[in-house]
Amino acid sequence: MTESALITQWIDVCAADDIDEEDVLRFDHAGHIYAVYRSPQSTYFATDGLCTHEKISLADGLVMDYVIECPKHNGRFDYRDGKALGAPVCVNLKTYPVEVKDGRVRLALAS
């Protein structure tokens with residue numbers, strides 16, 4: 001099946017107010033860990049939930065503006081596009097579409 005033929009499912013994550021501004025929430029679904037962020041402007045984003053360096057949960061990290069810092073070795077990522085921002089991380093995070101509908105944060109996953 002080609003990537004364009006994949007069906008998108010919107011998965012309910014949480015209430016929009018469950019995530020504070022400049023914070024992150026861990027979301028586990030179907031054996032995968034995601035991190036869902038709320039920016040300083042109350043825009044929501046989602047990435048893979050484990051650091052690409054040593055697979056540590058990013059939900060335990062520090063959010064500053066649009067950056068998530070891994071709690072283990074201080075690797076940083078821009079959570080808007082998943083870009084690794086320097087050593088020790090060098091592999092970008094995968095990102096996922098997010099929407100807020102009826103006050104609920106939803107994550108788009110291909111199936």
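Rings of Phe, Tyr and Trp (its six-membered ring) are taken to pair if their centres lie within 6.5 Å, with planes under 30 degrees apart counted as stacked, over 60 as edge-to-face and the rest as tilted. By this rule the predicted model holds five aromatic pairs. Phe 27 and Tyr 34 have ring centres 6.3 Å apart and planes at 35°, so this pair is tilted. Both Phe 27 and Tyr 34 are buried (under 20% relative accessible area, 1.4 Å probe, protein chains only).

One aromatic cluster is formed by Tyr 37, Phe 45, Tyr 66 and Tyr 79. Arg 80 lies over the face of Tyr 66, at 4.0 Å from the ring centre; such a charge has NZ of Lys or CZ of Arg within 6 Å of the ring centre and within 35 degrees of the ring normal.

Now to the open space. A pocket is an open set of points on a 1 Å grid over the protein atoms alone, where a 1.4 Å probe fits, with protein on both sides within 12 Å along at least five of seven lines; lining residues have an atom within 4 Å of a point. The largest pocket contains about 190 Å³ of space, a volume being the space filled by probe spheres set on the points. Its lining has 10 residues, and Lys 94, Tyr 96, Ala 108, Leu 109 and Ala 110 lie nearest the centre. Strand 3 (32–38) and strand 10 (104–110) are the elements that give two or more residues to this lining, strands being DSSP runs (E, at least two residues) numbered from the N terminus. Strand 10 supplies the largest share, three residues.

Residues are numbered from 1 along each chain as its sequence is written. Local features need pLDDT of at least 70, side-chain atom pairs count only at pLDDT 80 or more, and totals for chains, interfaces and linings use all residues, while side-chain values use heavy atoms, with hydrogens and water left out.

Definitions and conventions: Helices (H or I, at least four residues) and strands (E, at least two) are DSSP runs, numbered from the N terminus. Buried means under 20% relative accessible area, exposed over 50%, partly exposed in between (1.4 Å probe, protein chains only).
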